[in-house]
Amino acid sequence: MLYNTKGEPVTHKDMAGKYYMIYFGFTYCPDVCPVSLMKMAKVINNVRASKEYNYFDLDAIFVSVDPDRDSNARIDEYT
């Protein structure tokens, strides 16, 4: 089961009607994760600025692979 940073469960129903870029990482990642997330943010911003955004709603999801150290508050701050 996936949970958002508020502790609420996230299911396929929550994702209906959009396209998503999903990134699996961890907040203590020193270099690859921050660079990759910046690239994802740039892509999403470019899509949102385009006229195609009306037909192609895109958002990002960050999934932690280190739940023992990645608290909800840390993930919120990191993303």
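How many salt bridges does the structure hold? The structure holds three, a salt bridge being a side-chain nitrogen of Lys or Arg within 4 Å of a carboxyl oxygen of Asp or Glu. Side chains of opposite charge can pair when their charged atoms come close.

Before the details, a word on the source. This is a predicted model, in which local features need pLDDT of at least 70 and side-chain atom pairs count only at pLDDT 80 or more, while totals for chains, interfaces and linings use all residues. Residues are numbered from 1 along each chain as its sequence is written, and side-chain values use heavy atoms, with hydrogens and water left out.

I begin with Asp59. Its side chain meets that of Lys18 in a salt bridge, at 3.3 Å from N to O. This pair links distant parts of the chain, 41 residues apart: Asp59 is in strand 4 (residues 58-64), and Lys18 is in the loop between strand 2 (9-10) and strand 3 (19-25). Helices (H or I, at least four residues) and strands (E, at least two) are DSSP runs, numbered from the N terminus.

Asp59 also forms a salt bridge with Arg48, again at 3.3 Å, N to O. Arg48 lies in helix 1 (residues 32-49) and Asp59 in strand 4, so this pair ties together parts that are eleven residues apart in sequence.

Let us turn to Arg69. Its salt bridge is with Asp66, and the closest N and O atoms are 2.8 Å apart. Asp66 is buried, at 15% relative accessibility, whereas Arg69 is partly exposed, at 46%. Buried means under 20% relative accessible area, exposed over 50%, and partly exposed in between (1.4 Å probe, protein chains only).
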